[in-house]
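Subject: Structure handover

Hi,

Here is the structure for you to look at. My notes follow below it.

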Amino acid sequence: MEEKVLKIKEELQNKLTNINNLKELNDLKVEYLGKKGLVSSLSSMMSSLSIEEKKSFGKLLNDLKNEVTSKIDELKEKLEKEELNKKLENERIDISLPATKISCGAPNILEKIIEEVESVFMSMGYDVVDGPEIELDHYNFELLNIPKGHPARDAQDTFYIKDEEVLLRSQTSPVQARVMLENGGKKPIRMICPGKTYRRDDDDATHSHQFMQIEGLLIDKNISLSDLKGTFDVISKKLFGENVETRFRPSYYQFTEPSVETDISCFVCGGKGCSLCKNTGWITVSGAGMVHPNVLRNCGYDPKEWSGFAFGFGAERLAMLKYGINDIRTFYQTDLRDSKNFDRKEV
Ligand code: DAH
């Protein structure tokens, strides 16, 4: 018996030296320690032994079992370590390789200019409000003192959706009327409304059938044109630089009286004359005026008690001026390169 056990040990030692991986080791474990393995088959021989023999053989068998187990476990640990190291070696990250470039987005330039305008007006206590893009003729024209058949409608070639009543708003001015009506002729108002507007224009470098306006309205007591001038001064300097000067030129809008075109001195040539200002030294940036008494009345405000001013910026025009863009279509082509270039061009 002892000889047999010795032989098994020897054989095991030999076999262990030839094991190369965990799979082979596992097979070996089954061969020796499995239910039908060598060690178990030796134990089954016990029954034919005398009590004395059983004692010594039992001890022998136990030692054998412990030795086989510890040798296999030892090798197992070694092989596992080796495999892990091999894996780590294969999966090593080469940090000197150039990284794959991740293309990042950039803020849409129109969105950016609108946010800038919003933050200047919010700092002066204005609310930013929204209005419907599908609008009724009533708000888009009639409440604004532009009755049906009035020639002022021709300037805003409108997309009608249903009969002559439902349309795509041709300006953001209807939001003025809506906000005044909501306030019931009783409360002062300070609001701006940036939003999309639509006109049946052919698309070219300076026209688009859809464009963005930023409407503004202030209603209070004793408001005069000089308040409008002061407000326009602040926004112009914030957007185009502290050295910019402003001026008003007389104009005509049906919903304001008096009406003005608001100009800033050219921020490129400082007023000397250049291609941007077409050698005039001035650039027009918005239409504005004192809210017409008819509009106040139509929207529930008593013109004897209340007065106010309104203005309308073209957002694309502001962005084109500020970022030196000369084609309005650039804004709608969603070419990431454009947004990125604008980002760098910021003045
Ligand atoms: N709604 C005008 C337009 O689309 C712009 C405008 C001019 C708005 C004067 C105003 C304003 O509020 O007072 O041409």
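Helices here are DSSP runs of H or I with at least four residues, strands are runs of E with at least two, and both are numbered from the N terminus. On that count the protein has 11 helices and 10 strands. Bear in mind that this is a predicted model.

Overall form

The radius of gyration is 43 Å, while the globule rule gives 20 Å for 347 residues, so the protein is more spread out than a compact globule. Along the principal axes, the C-alpha atoms fill a box of roughly 125 × 50 × 40 Å. Of the 347 residues, 40% are buried. The accessible surface is about 20100 Å², and carbon and sulfur atoms hold 51% of it. Take the contacts between residues at least 6 apart in sequence: 65% of them join residues at least 24 apart.

The helix pair

Helix α1 covers residues 2-17 and helix α4 covers residues 51-90. They pack at an angle of about 5°, with axes 11 Å apart. Angles under 35 degrees count as roughly parallel, and α1 and α4 are therefore roughly parallel to each other. From α1, the contact uses Glu2, Val5, Ile8, Lys9, Leu12, Gln13 and Leu16. From α4, it uses Phe57, Leu60, Leu64, Glu67, Val68, Lys71 and Leu75.

The sheet

Seven strands form an open sheet with mixed pairing. The order is β1-β5-β6-β10-β9-β8-β7. Ala288 has Phe311 of β10 as its bridge partner.

Helices on the sheet

Helix α5 (residues 109-123) lies across β1, β5 (189-198), β6 (210-220) and β10. Its direction is at about 165° to β5. Helix α10 (residues 315-323) lies across β6, β9 and β10, and runs at about 105° to β6.

How well covered is α10? Mostly: 8 of its 9 residues are buried. The buried ones are Ala315, Glu316, Leu318, Ala319, Met320, Leu321, Lys322 and Tyr323. Note that Glu316 and Lys322 are on that list. After α10 comes Gly324, with a positive phi near 65°.

Over to you.

Best regards

Key. Residues numbered from 1 in each chain as written. Predicted model: local features only at pLDDT ≥ 70, side-chain atom pairs only at ≥ 80, totals over all residues. Heavy atoms only, no water. Pairing = 2+ DSSP bridges. Contact = heavy atoms within 4.5 Å. Axes fitted to C-alpha atoms, helices over the stretch in contact; angles between N-to-C directions. Rg over C-alpha atoms; globule rule 2.2 N^0.38 Å. Buried < 20%, exposed > 50% of the residue type's maximum accessible area, 1.4 Å probe, protein only. Areas by Shrake-Rupley, 256 points an atom, 1.4 Å probe, with all protein chains shown as cover. Parallel < 35°, antiparallel > 145°, perpendicular 65-115°, else oblique.
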